[in-house]
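Please walk me through this structure in plain steps. Begin where the two chains meet, then take each chain in turn.

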Amino acid sequence: MKGITRKFLRINLSNGKIGEEAIPEPVETDFIGGRGFGIHYLYREVAAKTEPLGEQNKLIFAAGPLAGTNAQAVSRWMVCTKSPLTGAFARSVAGADFGAWIKFAGYDFILVEGKAERPVYIHLTRDACQIEPADELWSKDTVVTQEWLSQRHGLNTRVACIGPGGENLVKYAAIVTNRRTASRCGVGAVMGSKNLKAIAINAERNLQLHDPEGFKQLVKQQIQTMTASKGFQHHREMGTTGNPENTSELGIFPSRNFRYGRLDDYEKIVGEEYLKRRVGEFGCYSCAARCGKVHRVTTGPYAGAQSSGPEYESIWAFSGPIENSYLESTIAADQLCDDLGIDTISTGNTIGFAYELYEKGLLTKKDTDGLELKYGNHKAMVELVKKIARREGIGDLLAEGTMRVAARIGKGAEAFAINVKGLELPAYEPRGAKSLGFNYATSNIGGSHGYGYAPQEVFGALFPRKVDRFAEEENADIVVFNQNNGAVGEVGIVCVFARAWFPHLYDKLLIAATGIDKIAERGYLPRVGERIVNLERAFIVREGFGRKQDTLPQRMLSEPLHTRGAPGEGQMMRNLDKFLDRYYEIRGWTPQGIPSPEKLKELGLGYVIKDMAQSQNVRAT
Amino acid sequence: MSIRIDIPPFLRHLTDDATAAKVKGSTVGDCLNDFVQQYPKTERLLFNKNGKLLRYVEVYVNGETTYPEELTKQVKDGDEIAIVYLISGG
C-alpha cells in the first residue's frame, strides 16, 4: 500500500537507539493512520499506571495518510501520549506544515521513548536521524527556538518544539509548530520530561500514492467543491473569529468561570472587532482557506503585542473566564501562550478558576503575589500567564491545572474547578449545548470539544439528524455518532472545519491514497472510528477510569445557567445517570462504562478483553 | 403554496420555541421574508443591514445548499428549507 508509508521511526532517548519499524498490514487496514495508529501503539507500549512524566511514557507524533499531498486541509498532525494532566489517553492536534514533513521524512509517525540525560533535539532527514544537544536552546521561547533551528538547518526545516512551559512541566504545556499548537492534555510537558526540546525535520516532497491519476482528479474535484462552498468563503474571510457572536447569541459563551452564558458586552469581542486589528493571515500546508488571522495591538498597555490568532477558543479563554472584553489583552495573552508554549484553553480556564477562588476568599493577595484577581482585571490575567509558564509564585500552583489546585486548596474549592477528568473545559457551555456537554463527560481525554464536537446543536447541522440542544439522554446516539465520526476524521487528520466543505470526498481520497478498498464498504469507516474510541476507552479503563469519572463539574449538575437574556436561562444537566445508561447501552459497554467482551470481539479488539477483566474501577477521583 | 422552514436551535428563542414554520413564496428570499414577518426578531440573525444573508448563515433546500444563488433560488410547493450556521468555532 502507498500513501501509508508502512513504517515508523522509533527513537529512544535513553540509549540513543534509532530504528525504523514496519507497520503490519492488519494494523493499517484496522486503524488506517493518525489517531488510529496512535492509540494502537500506545495501548501496546505504555503499560497501565505508567508515570506520565516518567521515562516509560511514550510520545507519538503522527501524520495521516493524506498528509503532504496536494489535497486540501489534510496535512494536520497530532501527538498521542499518556496525559500528565489527566492520567488518561491524550491526543492533541495541530496544523501548519509539520504533518507533511513527517511524511516527507518517510514515516507515518515518529515514536519517542526514554529520556535524554541533557536537553536534546532530534534532527531528522530522509536519510538520517541524529540526537543533537540542545543546551543552548533550553529556556528559549518557541519563536527563538524555531528561528535558531531554521538558521542551523536551513529554511526547509519544520520544527515542533516546546517553550519554557514544557520545560517547566506545566501540566498543560503545548507543543508548538510555526504558530500552531498541539496544546491540549499537557503533551508539551511529556516532551519536557524527556529533555526533548524539539524535533526538526528537513525533507523534500516525496510521496507515492496508490492511484496517482485518480487522486489528481479527486483533488481537482475537491478544490472546486470546497472553494465554491459558503463555509469555505466564510472561513477564509473570518477564520474562527466570528464565532463569539454566535455562541453569545446562543448563551453558550461561558463567562465568569462558567456561571453565565455570555459577557454583558460581548459585542466588543466579535469578529468585526478583530477584523479592525487584523494585519495578516497564514494557513496550513496545502489549504487555500488560510484561516489563521494575525492581529496586532497598536495602542494602550499592550501596544506591540501581535498574535497569530487568537482563534475562537483563545478569544474565549482570555475574555469569558474573567469577564474581560478588552480584546487587546486577549491578543497579548494569546501571544504569550504561543511563545511560552502553554495551552490557551487550560490557561484561561485555570485563571478564571483562580479569580473565583479570590472572590470566595480561598486565595488572597498574599497567595497571588499581590495581584488583585478581580473580574475584569486583564492586567493580572496577562501577568498570570507569564507566571504559569515560568512557574513563578502563584504560577507554580496554577501550572498544575484546576483539578490539582482544588485538591491542594481544599475548603470546597473543587466546586469551582471546571474540568472533566482533569482537563479544563473549553469555550462551549455544556448546559446550553448538552450533547457537547455529555461528550465532555464521556470523552476519553477529558473535557474536550474536539473529541466529539456537536455541530447539530451549535450550528443547526442537519446530519445525522436534527437535535434539540437542551435534550439529554434522548441525544445519547448523537454523542456516540459525533465521537466516532471525530475519530474517523482524525485517521486522515482532516481539518474539522474543512471536512464539511467536501463531505463526499474524504473517503475517496483515503482510498486513492492508500489503496484500502474496504474503506468504500458501507459502514467501514464508522467501524474504524468506533474501534479507535473503544481502544482509547480500554486504555483509560486500564488506568482505573470508569463511570464515576464520566461526569461533569459540580456547577453544571447543581447550578442553573444564567444567560443574561440569551436562551437557556435556568438550564442544568439534570439526567447524567440516565444519559450514561443510554450511552453505555448504545456503546455496548457495561453499566460501569467498560467495553464488553462482545463489543471488543466485534471490533477485532479481543486482545483487550483480558485487561478489561483485570481492571478495577478504583480511581479515587 | 406551502413551504416548510425548519427553525434551527439558534433561532428558536425568537420563535416562541417553534421548531418549524409554514411560509409562502417562489424564492428562498420570499420565504425568508415571510418567515421574518411571522417572527420579526429573527431578522437580525439572518440578514445584514443591506438585506443580504449574513455571511455565516447558509440556507438549504431539501438538503442541498442554495449557495451561491441563495435568496434568488427558486422553490416549489412542498419544499423544505433549513437554516444552518456555518461551522467556524475551533
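Chain A and chain B meet in a contact that takes 29 residues from chain A and 22 residues from chain B. Two residues count as in contact if their C-beta atoms, placed from the backbone, lie within 7 Å. On the side of chain B that touches chain A, the elements that give two or more residues are β3 and β5 of chain B. β5(B) gives the most to that side, with four residues. Helices (H or I, at least four residues) and strands (E, at least two) are DSSP runs, numbered from the N terminus.

This is a predicted model, in which local features need pLDDT of at least 70 and side-chain atom pairs count only at pLDDT 80 or more, while totals for chains, interfaces and linings use all residues. Residues are numbered from 1 along each chain as its sequence is written, and chains are lettered from A and ligands numbered from 1 in the order in which they are written.

Stay with chain B. Five of its strands form an open sheet with mixed pairing, in the order β2-β1-β5-β3-β4. Two strands pair if DSSP finds at least two bridges between them. The edge strands of chain B are β2 (20-23) and β4 (64-65), each pairing on one side only. Strand β1 (residues 3-6) of chain B runs parallel to strand β5 (residues 80-85) of chain B, and three bridges join the pair. Take B:Ile5: its bridge partner in β5(B) is B:Ile81.

A helix covers these strands. Helix α1 (residues 28-38) of chain B lies across β1, β2, β3 (57-61) and β5 of chain B, at about 120° to β2(B). Axes here are lines fitted to C-alpha atoms, for helices over the stretch in contact, and angles run from 0 to 180 degrees between N-to-C directions. Which residues of α1(B) are buried? They are B:Val28, B:Gly29, B:Cys31, B:Leu32 and B:Phe35. A residue is buried if 20 or more other C-beta atoms lie within 10 Å of its own, exposed if 12 or fewer, and partly exposed in between. Seen down the axis of α1(B), the buried residues fall within an arc of 160° (taken over the directions from the helix axis to the C-beta atoms), so they line one face of the helix. They pack against β1, β2, β3 and β5 of chain B.

Now chain A. It has 25 helices and 17 strands. Buried residues make up 63% of its 621 residues. The largest nonpolar core has 228 residues. Such a core is a set of buried Ala, Val, Leu, Ile, Met, Phe, Trp, Tyr and Cys residues joined through C-beta atoms within 7 Å. Those with the most contacts inside it are A:Phe61, A:Ile102, A:Phe109 and A:Ile110. Beyond residues up to four places away in sequence, A:Ile110 touches A:Phe8, A:Leu9, A:Ile11, A:Phe61, A:Ile102 and A:Ile199.

Chain A also holds an open sheet of six strands with mixed pairing, ordered β2-β1-β6-β3-β4-β5. Its edge strands are β2 (18-22) and β5 (89-94) of chain A, each pairing on one side only. Strand β3 (residues 59-63) of chain A and strand β4 (residues 77-82) of chain A pair in the antiparallel sense over four bridges. Among the paired residues, A:Ala63 has A:Trp77 in β4(A) as its bridge partner. Helix α2 (residues 35-45) of chain A packs on the sheet, touching β3, β4, β5 and β6 (109-113) of chain A.
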